[in-house]
Amino acid sequence: MQDQKILVVDYGSQYTQLIARRIRENKTFCEVVQPSFLQNKIDLENIIGIILSGGPNSVTTDNNYDLPDFIFEEDIPVLGICFGMQLICKNFNAKIEKSTSREYGKANLQILKDDLIFNDVNKSIEVWMSHGDSVIDVPKNFIKIASTNKKSLSAIKLIDKNIYGFQFHPEVTHTLDSGKIIYNFVVKICKSKEMWTTKNIITNQIALIKEKVKNDNVILGLSGGVDSSVSAAILHKAIGSRLTCIFIDNGLLRLNEKIQVEKSFKDFKGIKIIYIDASDFFLKRLNGIIDPEEKRKIIGKTFIDVFQDEAKKINNAQWLAQGTIYPDVIESAASSENAHLIKSHHNVGGLPENMNLKLVEPLRELFKDEVRKLGIELGIDKKLINRHPFPGPGLAVRILGEVKKEYADILREADNIFIEMLHEKNLYNNISQAFTVFMPVKSVGVTGDGRAYGNVVSLRAVKTIDFMTAKPFDFPFDFLEEVSTKIINEIPSISRVCLDISSKPPATIEWE
Ligand code: XMP
């Protein structure tokens, strides 16, 4: 339980997570809740502020979202953004109209009144607008504090109370002034003690894990990815040798994955990591399988089978640790309450309930950037922490069609050349995800005086914020030429290197 928190009520805005991250950047804990949460009996003691998000609904036609009385009766500061502002205004019987045209994009905001929320903010700033409905009259007892033109009500405030409504999105543009508005709300108005720091998060989590797990043993599936590695590091700090990590090599990992994991945990004295080479078992089950979904299912099931077998050998394990992070929690809650938000999830399904283990999820409250900071503070190798995401089914979705050991070996080598060169040329951190794809076709080439007949690989590199949409990375041509030459020279079985320049949509990031 946090000492202080801000509630962010999610009405389905695409920016809800961004609001939460901006609050956390101001060293303050916040929790994203669904609208129905407000209808429960809420313990208000630690709540220092409430933000009502925007959303795709309209208060003119949708009556599902009434605000409970406590929002206006308590002395808790409230900020309604866009739909959130309209909800506040509806509560005060203001006239709200559906506009015929949406106001969308950048606009110039004039600050009309001195108010703590605009402390140290320029009188005229650029803001981000995105709304259909408009509030027509200033509701009774409110004042207009900023506007983008004479008629518009871009920001209002309840006289004598810290209840604000913004028609613009202060969370979106990261201009200094927008950032200051969030800071002013969180720190000056909600009076945050700014305690949500990496050091404090670690100390709190360690105490929580100790309290939860007591003297029991915990097992954890370590994949070499950021989330499972940071979970392992913090659990190790909390319970030492009562944690056992299981690392399964399924034959579909990147080159030197085991070495990378060993290197990352070399300074974690006494950490127990069991390395299982199950590659033959996985590849045997994948033999002859071409369909991508079937490949995924087989890998997921085989992972569970191997993990369960190993877990049985560990004496007295009562807990299973998982690297669930906050966006997973928010998105699954939102998709159960708000159909607008349903997104497809890829994660290889969790481990089965019949394992009879209780769950411990030390990163459940953290965003990815917070997890990374924690990892670095805990002493995990920076290279692992900043690694691009890697899919659960591994190279199986990057080898088109049937998976064979020979193909996986070639792909590992080619991918390693590509990734190492990205590091060497300082491009790796500018890219969201980069990898190589293996095509089981042959193409003619010449090497020396001879004719070569080898395989084809494709390079893929994208830039994206949320992995739901993505753009191909714009490589310098010299780089492409150099990496292609190196791959063909060093791997005799490859005769040709292509570049994938498709955006998502219509393509996906992975090829299968
Ligand atoms: P797509 O290919 O759908 O990928 O554009 C979006 C992101 O999800 C990752 N991905 C997966 N992750 N299991 C995973 O754990 C999967 O089956 C899977 N498929 C795709 C992909 O690497 C990218 O980051």
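Trainee: How much of the protein chain is buried?
Mentor: Buried residues account for 54% of the 512 residues in the protein chain. Buried means under 20% relative accessible area, exposed over 50%, partly exposed in between (1.4 Å probe, protein chains only).
Trainee: What kind of model is it, and how are residues numbered?
Mentor: It is a predicted model, where local features need pLDDT of at least 70, side-chain atom pairs count only at pLDDT 80 or more, and totals for chains, interfaces and linings use all residues. Residues are numbered from 1 along each chain as its sequence is written, and side-chain values use heavy atoms, leaving out hydrogens and water.
Trainee: OK, salt bridges. How many?
Mentor: The count is 32 salt bridges, taking a side-chain nitrogen of Lys or Arg within 4 Å of a carboxyl oxygen of Asp or Glu.
Trainee: What does Glu31 pair with?
Mentor: Glu31 forms a salt bridge with Lys5, with 2.8 Å between the closest N and O atoms. Glu31 is in strand β2 (residues 30-33) and Lys5 in strand β1 (residues 5-9), so the pair ties together parts 26 residues apart in sequence. Strands are DSSP runs of E, at least two residues, and helices are runs of H or I, at least four, numbered from the N terminus.
Trainee: Is Lys5 buried or exposed?
Mentor: Lys5 counts as buried, at 12% relative accessibility, whereas Glu31 is partly exposed at 24%.
Trainee: And which residue meets Arg21?
Mentor: Asp369, in a salt bridge of 3.6 Å, N to O. Asp369 lies in helix α11 (residues 368-377) and Arg21 in helix α1 (residues 16-25), so this pair ties together parts 348 residues apart in sequence.
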